[in-house]
Amino acid sequence: MEPLLKVEALHKRYGNKTALREVSLQIEPGRIVGLVGSNGSGKSTLMRIVAGLLMPESGSVRIRGHRPGTRSKSLVSFMPDHPSFESWMTVADALKFQQDFFADFDTDKSERMLEFMRLSRSDKIASLSKGMQERLQLTLALSRRAALYLLDEPIGGVDPVARDHILDALIEFYEEDSSVIVSTHLIADIERIFDEVLMIRGGSLILQGDAEQIRLTSGKSIDQLFKEMYAEC
Ligand SMILES: Nc1ncnc2c1ncn2[C@@H]1O[C@H](COP(=O)(O)OP(=O)(O)OP(=O)(O)O)[C@@H](O)[C@H]1O
């Protein structure tokens with residue numbers, strides 16, 4: 001059977017700056033995967049290529065066997081790392097926009113998520129705090145019945161207590177036979193939810209595997225290991 005996501009020898013440059021080097025990975029259904037790396041390590045670039053929003057120089061991406069394109073976009077729900085709304089919109093407008101755009105939008109789920117996230121349909125997006133905007137982005141992304149969710153820094157703008165609430169939402173609302181890739185550099189706050197870890201540095205994957213296995217083998221948390229591996233360079 002085809003894996004949910006298969007990436008082979010992906011290479012991406014911006015001008016003369018190399019953002020991804022020979023990145024290969026495979027993800028099966030039902031996994032929460034942490035894509036961890038410091039600023040500028042290539043996390044967003046990898047996600048945007050898998051989402052079909054950016055072209056690599058070389059290498060291949062297959063989502064259930066499909067190249068990034070119309071079919072794969074119906075399987076992938078992407079939450080970008082900065083808001084993609086128009087400032088005049090209300091929360092209800094953003095939901096309507098998402099619903100019109102994606103046939104797999106689940107209205108019941110979006111209503112339950114709004115309540116969980118303490119968002120109101122009449123709120124003006126421009127007046128929401130950064131953390132509340134992230135809650136809305138996550139609501140929009142997880143309200144689709146997708147096979148693969150790509151969440152780019154979903155907890156960057158929220159305080160530590162709200163972070164736990166957002167992670168609880170993620171576990172509660174993602175489809176169990178789908179997979180989620182969550183990019184972050186806030187590893188200590190989020191590693192409890194990871195089944196697998198992809199550690200990226202300077203555009204190269206330097207560690208990948210089962211989160212529990214990595215902790216058992218190294219005797220360290222993913223956060224400690226990350227700090228040590230980054231300190232080496
Ligand atoms: N549009 C662009 N033009 C030129 N260089 C870019 C562009 N986008 C990203 N880069 C560079 O590519 C590298 C990888 O960037 P990317 O945004 O993928 O990293 P990231 O791990 O997501 O970082 P952050 O955690 O800060 O969001 C960085 O050196 C960045 O400066």
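How far from an oxygen atom of the ligand does a backbone N or O atom of Gly42 lie? The distance is 3.0 Å, which falls under polar contacts, meaning pairs of N or O atoms within 3.5 Å.

Before I go on, this is a predicted model, where local features need pLDDT of at least 70, side-chain atom pairs count only at pLDDT 80 or more, and totals for chains, interfaces and linings use all residues. Residues are numbered from 1 along each chain as its sequence is written, and side-chain values use heavy atoms, with hydrogens and water left out.

Back to the contacts. Gly40 has a polar backbone atom 2.8 Å from an oxygen atom of the ligand. For Asn39 a polar side-chain atom is involved, 3.0 Å from a ligand oxygen. On its own the ligand has 630 Å² of accessible area (Shrake-Rupley method, 1.4 Å probe), and the protein covers 62% of that.

Now the shell. The ligand is surrounded by 13 residues (a heavy atom within 4 Å), and the closest are Lys17, Gly40, Lys43, Ser44 and Thr45. By class, the shell has seven polar, four charged and two nonpolar residues; Gly counts as polar here, and Asp, Glu, Lys and Arg as charged.

Which elements supply at least two residues each? They are β2, residues 17–27, and α1, residues 43–50. Helices here are DSSP runs of H or I with at least four residues, and strands are E runs of at least two. α1 gives the most, with three residues.

Last, the record. An unreviewed UniProt entry annotates residues 5–227 as "domain: ABC transporter"; such annotations may be inferred rather than shown by experiment. That span is 35% helix and 27% strand, and its end C-alpha atoms lie 28 Å apart.

Technical notes. A polar contact is a pair of N or O atoms within 3.5 Å; within protein, one must be able to donate a hydrogen and the other to accept it, and residues adjacent in sequence count only if both atoms are side-chain atoms.
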